[in-house]
Amino acid sequence: MKRFGIALLPLLASPAFGEGELKVYHWFEYMPQELVDKFQAETGITVTIDTYDSNEAMLASLKAGKLGQYDVAVPGDYMVQIMAEEGLLDSFSPADLPNFGNIAPQWLDVPFDPGRKSSIPYQWGSTAFAVNRDVYQGDINTLAILFDPPDELKGRINVLDSQGEVLALGSIYLGIPQCSQDRAQLKALMDMLLAAKPHWASFGSDTAKDVLVSGDAAAGMIYNGFAAKARAEGANVEYAYPKEGFVVWMDNAVLLKDAPNRDNALKFLNFLLEPENAAAVTNYAAYTAGVTGVEPFLAEEIRTSPETNPPADAPAGSFVAVCDEATQKLYDAIWTNLKK
Amino acid sequence: MRGVRHYPGFLALTLVCLTVLYAPLLVVTAYSFNGSTSITQWGGFSWRWYADVFTGPESARFGLAARNSLTIAVLAATAATLIATAASLAMVRGGRFRGRTASFALINLPLMVPEIVTAVASLIFFTMVGLRTGYGTILIAHITFCIPFAYLPISARLEGIEPFFEEAARDLYASRFRAFTQVLLPLMAPGVISGWLLAFIISLDDFIITNFVKGAGMETLPTAIFGSVKQGIKPNIMAISTLMLAASAAVVTLSWLINRRGQRSP
Amino acid sequence: MAGAPGAGGGPKDAGWGPLALPLMLPTWAVIGIFLALPVLLMAVYSFLTREFRGGVEWQFSLAAYDQFFVTRGLFGDEPPSLEWTYILIFWRSLWQAALATGLCLLIGFPTAWFIATRSPRSRTVWLFLVTIPYWVNLLIRTVSLKFLIRDNGPLNEFLMGIGLTSGPLPLVNTNLAVQLGLFYSYLPFMVLPIYAAVERYNFALSEAAADLYAGRWRILWEITLPVVRPGIVAGCLLVFIPSLGAFLAPDLLGGAKNFMIGSLIDEQFKGSQGNWPFGAAVSVILMTLVMLALLIYARAQGRGRA
């Protein structure tokens with residue numbers, strides 16, 4: 001059987017000529033095919049892209065045995081830290097990447113990878129919510145829209161099916177620090193979520209945009225770029241930067257441990273730091289690049305979109321924190337309680 | 001004697017059944033011709049997504065995925081049907097042999113195990129024994145979980161065939177092989193066809209297990225489609241689905257025509 | 001007649017007895033190596049220590065089963081009591097799978113019957129008609145179904161158009177939608193095995209009963225059903241068991257507000273909880289339940305015959 005599997009592989013894999021290969025483990029539809037083609041044309045490296053649908057699914061499959069098959073992955077902020085702690089990342093020095101200096105200064109010394117030893121910024125954005133303005137015209141500048149909604153929105157809210165983001169936004173709403181171990185605070189968080197749940201219509205991450213466009217939901221927790229796409233598809237939705245705060249996240253291209261094509265991976269990371277290329281991703285995904293000098297290359301509607309340009313008085317967002325094991329257990333229990 | 005074969009309301013329920021089966025497909029087909037990039041907003045009639053399927057930036061990826069899916073489904077369904085036919089003969093005709101109850105449990109095991117568990121367990125196992133994940137591992141996994149789906153219709157059919165058909169053939173000095181191929185197998189055919197069809201669609205549709213045991217860069221249609229809906233389903237997926245429907249309809253028509261010709265010739 | 005197909009032993013040997021073991025060999029080899037071994041590994045995992053964020057440490061632990069059956073409050077310092085959370089999730093999934101199986105049987109049996117009573121040539125075409133929709137990916141089918149039944153979708157517009165309902169019938173994010181989704185996911189698994197059994201049915205039996213002035217529904221119930229029962233049981237198994245672990249229909253059509261067995265296990269392996277031993281334990285409990293039910297059924301059938 002083993003011989004059979006291996007014999008068939010070369011028949012089905014695309015021919016790898018020239019400068020070798022690069023295997024990227026990536027979110028689907030997060031990188032335009034034209035950009036992949038451009039990289040292949042510039043370097044002669046054959047790129048194979050494999051996809052995952054959540055940070056956790058990627059972690060699970062790398063831990064179950066896929067480490068060593070891929071060169072580059074694109075985890076979110078907290079997942080970079082987890083992967084580093086799990087020993088899944090290789091590191092590089094700034095000298096390996098001629099474009100290292102293009103990284104925007106505020107994204108250089110990030111808490112999840114101080115000094116950028118294993119990762120470079122890919123795209124960043126925020127997670128809050130969007131409201132259909134045909135249904136509700138009131139003030140949406142507060143997280144109460146999700147957790148204590150007005151009558152018009154009751155029973156018509158979609159929340160992301162993602163523990164980290166729901167609990168983080170809930171904590172921000174209550175003014176509780178993330179990874180709190182305080183009993184009263186955790187109890188309050190759980191009670192608040194349990195009281196809010198009857199007002200929610202559904203949990204869904206992949207469907208977050210579609211339910212807004214189709215009208216199944218009148219408000220929904222959503223990523224800013226996703227809300228922009230919903231608006232572009234004709235839904236009269238407005239994305240909110242609530243006054244209590246919101247979640248920011250950043251996806252990062254990382255160098256994986258045991259990368260079979262380490263040199264090509266570094267070329268690829270360097271390629272992504274080129275402003276023109278970072279801008280191409282931004283134009284495609286409607287988030288924001290973490291690279292300086294992208295503005296001249298941005299499409300007009302992306303550069304000026306309300307989703308990526310928070311109002312001047314918007315508060316700062318916060319990353320989802322990585323809790324230690326004992327604390328995480330409490331948050332797991334709250335989540336299970338919420339969904340039982 | 002039509003009375004005992006026909007029950008009032010059965011035709012109506014069959015039509016209900018077909019309506020439920022096909023109504024969503026009308027949506028799929030309709031939106032494959034949508035001019036806009038959304039599947040929820042109608043933007044006028046257009047062929048653009050069919051052009052996109054064949055010439056768009058992802059055409060190569062989806063083409064390869066479709067080819068992988070179809071070849072894997074045909075190979076896996078055929079292998080599983082062969083294995084399941086042998087197993088049915090043993091289980092239904094083999095009397096009380098040693099390990100019969102365990103065999104029964106084993107055949108049904110792929111049904112019992114939640115897909116996600118099969119997926120994670122298989123990947124860990126394949127990695128442990130040093131099998132490289134790719135086309136081969138997908139095929140192995142598919143054959144494995146297709147077996148009960150082929151087995152159940154085949155054995156249900158075999159249960160209904162009394163052994164005197166074969167015994168009569170054997171009494172007439174037909175060899176065991178001839179008694180099997182000329183008498184029993186034709187009688188079993190509807191069960192075997194049902195089993196193969198079930199195995200085929202099960203394999204064609206599998207996502208969870210495939211997603212874990214496929215290697216880097218290997219795609220089947222479900223993994224390609226699941227990946228691409230992360231940012232919402234675009235009409236190009238609807239176009240691919242419609243093409244798959246057209247392909248299946250073509251296969252059906254062809255087999256029907258061949259069947260008809262076969263029956264005409266003496 | 002054995003109930004679960006192939007579960008009973010049989011007098012219908014016709015000289016196959018000596019070949020039984022060689023004929024079983026491929027099944028043993030394929031499922032034994034590529035599924036039983038990995039699953040055994042999983043069963044072992046359920047008794048190991050959880051590695052934080054996925055994976056296991058090779059150290060014996062009953063923590064996974066403890067988590068399933070025993071609760072000590074949110075902070076783990078209350079006196080232990082029976083944990084209802086997961087039992088409730090199991091109950092909900094079992095109930096939903098049972099309803100979906102019933103719905104499939106209700107529609108699938110007449111359909112299979114209808115097909116089996118067509119002329120031999122057109123049967124194949126009908127069979128294909130039932131399976132053609134399954135060439136389209138389950139996800140796409142489910143999404144399209146959702147499109148049809150949403151508040152401002154074609155079904156509701158039709159119902160309101162003919163004046164049957166005054167406002168939109170809320171279907172999306174209800175249990176009814178999940179039932180419909182499961183029905184749509186698994187219908188051929190009911191139709192094909194029943195078809196295979198009915199196709200073989202000797203209608204002379206019914207005719208004989210009709211000659212004795214039995215009503216046709218009575219004939220169906222007392223004469224036909226017992227004969228075609230293996231097909232029905234096979235169909236019910238093929239619908240019920242996959243429905244138990246399904247999570248696409250519950251998530252997309254039901255709104256994923258509550259865990260089902262499938263999504264609960266999925267969360268342990270791929271979700272943020274990353275608790276492999278617990279996911280393995282939930283699977284082991286599920287498999288044990290289903291396997292026990294099957295074996296008890298097979299035993300009862302075997303005894304009933306002898």
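Select Cys146(B). This is a predicted model, and the closest cysteine sulfur to that of Cys146(B) is in Cys104(C), 19 Å away. That is too far for a bond, since a disulfide needs two cysteine sulfurs within 2.5 Å. Is Cys146(B) buried or exposed? Cys146(B) is buried, at 0% relative accessible area.

Now move to chain A. How many disulfides does a search of the whole structure find? The count over all chains is 1. Select Cys179(A) and Cys323(A): these two are joined, with an S to S distance of 2.1 Å.

Trace the chain on either side of the bond. Cys179(A) lies in the loop between helix H6 (163–174) and helix H7 (183–196) of chain A. Cys323(A) lies in the loop between helix H12 (300–303) and helix H13 (325–339) of chain A. The pair links distant parts of the chain, 144 residues apart.

Zoom in on the S-S bond. Its torsion is about -90°, so the disulfide is left-handed.

Finish with the surface around each partner. Cys179(A) is partly exposed, at 22% relative accessible area. Cys323(A) counts as buried, at 8% relative accessibility.

Definitions and conventions
Residues numbered from 1 in each chain as written. Chains lettered and ligands numbered in written order. Predicted model: local features only at pLDDT ≥ 70, side-chain atom pairs only at ≥ 80, totals over all residues. Heavy atoms only, no water. Helix = DSSP H or I, 4+ residues; strand = E, 2+ residues; numbered from the N terminus. Buried < 20%, exposed > 50% of the residue type's maximum accessible area, 1.4 Å probe, protein only.
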